[in-house]
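User: I would like to learn how to read strands and pockets in a model. Can you walk me through one?

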Amino acid sequence: MTDDRNARIIRCEDLLEADVNGEIVALHIEKGQCYGMNGVASRVWALLAEPRSPAEICATLSGEYDVDEETCRADVDALLADLRAEGLVRPAEA
């Protein structure tokens, strides 16, 4: 997603969200789009309530899940790219 694994991002504020059986369902008001996130994506979403870098997210997930660094990095980068493409995350203010 980014060449700088330390660049911090944060989720956008213009979403309504609800926890449904441990997974996040979010509604983007302006777009009228609904997004469902599985358990791991929901955890990443929770982490993005505060500015975090992809490296920080992977460090947290590696401590919580049985995943190797390479797989975690690829999966987190793919998820963050999807979230960015949908306008759900943005660069954090410095």
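Analyst: Start with strand pairing. This is a predicted model. Here β3 pairs with strand β4 (residues 33-37) in the antiparallel sense, over 5 bridges.

User: What lies between the strands in the hairpin of β3 and β4?

Analyst: That hairpin has 4 residues between its strands, and glycine 32 takes a positive phi near 70°.

User: Which strand do 6 bridges join to β3?

Analyst: Strand β2 (residues 15-20), and the two run antiparallel. Leucine 15 has histidine 28 of β3 as its bridge partner. The hairpin of β2 and β3 has 2 residues between the strands. In that hairpin, asparagine 21 takes a positive phi near 55°.

User: How do I read the faces of a strand?

Analyst: In a regular strand, side chains alternate between the two faces of the sheet. Now take strand β3 (residues 23-28). Its covered face holds Ile24, Ala26 and His28. Glu23, Val25 and Leu27 make up the uncovered face.

User: And how do I find empty space?

Analyst: Roll a probe the size of a water molecule over the atoms, and it shows where empty space is left. In this model, the largest pocket has about 180 Å³ of space. Two elements each give two or more residues to its lining: α1 (39-47) and α3 (69-85).

User: Which element gives the most to the lining of the largest pocket?

Analyst: α3, with 4 residues. The lining includes Val40, Leu61, Tyr65 and Asp75. By class, the lining has 9 nonpolar, 1 polar and 1 charged residues.

Conventions:
Residues are numbered from 1 along each chain as its sequence is written. This is a predicted model: local features need pLDDT of at least 70, side-chain atom pairs count only at pLDDT 80 or more; totals for chains, interfaces and linings use all residues. Side-chain values use heavy atoms; hydrogens and water are left out. On a 1 Å grid over the protein atoms alone, a cavity is a set of points where a 1.4 Å probe fits but cannot get out, and a pocket is an open set with protein on both sides within 12 Å along at least five of seven lines; lining residues have an atom within 4 Å of a point. Grid points are joined across faces, edges and corners, and a volume is the space filled by probe spheres set on the points. Ala, Val, Leu, Ile, Met, Phe, Trp, Tyr, Cys and Pro count as nonpolar, Asp, Glu, Lys and Arg as charged, and the others, Gly among them, as polar. Buried means under 20% relative accessible area, exposed over 50%, partly exposed in between (1.4 Å probe, protein chains only). Two strands pair if DSSP finds at least two bridges between them.
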